[in-house]
Amino acid sequence: MARVFSGIQPSGELHIGNYLGAVRNWVALQATHECVFCIVDYHAITQAYEPEQLEARTFDMAVSLLAAGLDPARCILFVQSHVPEHTELTWVFTTVTPVGELERMTQFKDKAQRQESVLAGLLNYPVLQAADVLLYRATVVPVGEDQVQHLELMREVARKWNARFREDFFPEPQPMLSAARRIVGLDGDAKMSKSLGNTIGLLDPPERIWELLRPAKTDPARVTRKDPGDPEKCNIYSLHQYFSPPDTVRHVADQCRTAGWGCLDCKRVLADNLAAALAPIRERATELKARPERVREILADGAARAHAIARETMAAVRDAMGFLPAGEVTLRR
Ligand code: ATP
Ligand code: MG
């Protein structure tokens, strides 16, 4: 059975872009693959963050993922920093990764623009990601389109390490994209991102969903209520395609083209369908939040299972690279 690995940062709330682009695939893959899913807190600290928020965000991400359908009986769910081999293998991989390749990563260039001084952690982000996946020798990586470039680099890292130290040891992981490979944010422009504040949270209640949708960008051609629009240029229409039934989607497109509806009418229908689709996830999250000890237990069990695999990989890596094994302590003083 092929092994799947994917991760998500606790850099904010799980949003519908993460869900449609990645997490929905994670849930489905549990039925067919051996799945390892990780809350990547070491990645999250490469952007500005508040230490007093990290624990709660990590915990809330676990709650959201479980509520979205991850099942600890069918996958491993754990927190990256609980398995120290992730950072150990990262260091090893930095010694086979060309800096020039890291500097040309689109995500690095985007995020570096938002940092006052550019830090090495942000540059090395894809190396940590390569370590995450390759530590489990996973071959399938369900992600959004923004991560495809990092996966290419990951394959290069695997090839370089294999060529130098042990042939065919690491597989070359492939991305698995969903139909919703890039959800645009409520600004109608950038990718929906936790760090950009243009998101709808998976656990947002109906009032909040409406508050967020009401001012969201639509087709700029619709300046007044009477101006017809082009649904293909409207992010609200694209969201209808994921959350509204097919005949509603067709009706929405007609009403947009003929200016039968105003944008607010269109958003109201989306808000209702979105709230209905997310209701069961919110309910499960409420139940989980009432049992925080259960969530911690799931993460501890996940870390123990992940650690068992990671330890084996790291032992083979150390052996192939020629390190002196750490012996048992037998000296008597
Ligand atoms: P940040 O802004 O902190 O980078 P993010 O919203 O981009 O947060 P990540 O934790 O970086 O979320 O990514 C988690 C997963 O969600 C990845 O597989 C990523 O490709 C996917 N993803 C993120 N944003 C989108 C989006 N707008 N559309 C589709 N997939 C997405
Ligand atoms: Mg991201």
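Biologist: In this predicted model, which hand does the crossing of α3 and α13 have?

Modeller: The crossing of α3 and α13 is right-handed. Helix α3 covers residues 51-68 and helix α13 covers residues 263-289, and the two pack at an angle of about 130 degrees, with their axes 8 Å apart. They are therefore oblique to each other.

Biologist: Which residues of α3 and α13 make the contact?

Modeller: From α3 come Val 63, Leu 66, Ala 67 and Ala 68, while α13 brings Ile 281, Arg 284, Ala 285, Leu 288 and Lys 289. Sorted by kind, the residues of this contact of α3 with α13 are seven nonpolar, no polar and two charged.

Biologist: And what is the hand of the crossing of α11 and α13?

Modeller: That crossing, of α11 and α13, is left-handed, and the axes of these two helices come within 10 Å and cross at roughly 35 degrees. The contact is made on the α11 side by Ile 236, Leu 239, His 240 and Phe 243, and on the α13 side by residues including Cys 266, Val 269, Leu 270 and Ala 277. The contact of α11 with α13 divides into eight nonpolar, two polar and one charged residue.

Biologist: How should I read the buried residues of a helix such as α10, and where on the helix do they fall?

Modeller: The general idea is that an α-helix has 3.6 residues a turn, so residues three or four places apart point the same way. In helix α10, residues 206-213, the buried residues are Ile 209, Trp 210, Leu 212 and Leu 213. Viewed down the axis of α10, these buried residues fall within an arc of 165 degrees, so they line one face of the helix. Among the elements that cover them are α11 and α13.

Biologist: Are Asp 168 and Ala 259 buried or exposed?

Modeller: Asp 168 has a relative accessible area of 66% and is exposed, while Ala 259, at 14% relative accessibility, counts as buried.

Biologist: Which residues does Gln 107 touch?

Modeller: Gln 107 lies in helix α6 and, leaving aside residues up to four places away in sequence, touches Tyr 125, Asp 146, Gln 147 and His 150. Because its relative accessibility is 13%, Gln 107 counts as buried.

Terms used
Residues numbered from 1 in each chain as written. Chains lettered and ligands numbered in written order. Predicted model: local features only at pLDDT ≥ 70, side-chain atom pairs only at ≥ 80, totals over all residues. Heavy atoms only, no water. Axes fitted to C-alpha atoms, helices over the stretch in contact; angles between N-to-C directions. Helix = DSSP H or I, 4+ residues; strand = E, 2+ residues; numbered from the N terminus. Parallel < 35°, antiparallel > 145°, perpendicular 65-115°, else oblique. Left-handed = near helix turned anticlockwise from the far one by under 90°. Contact = heavy atoms within 4.5 Å. Nonpolar A, V, L, I, M, F, W, Y, C, P; charged D, E, K, R; others polar. Buried < 20%, exposed > 50% of the residue type's maximum accessible area, 1.4 Å probe, protein only. Arc of directions from axis to C-beta.
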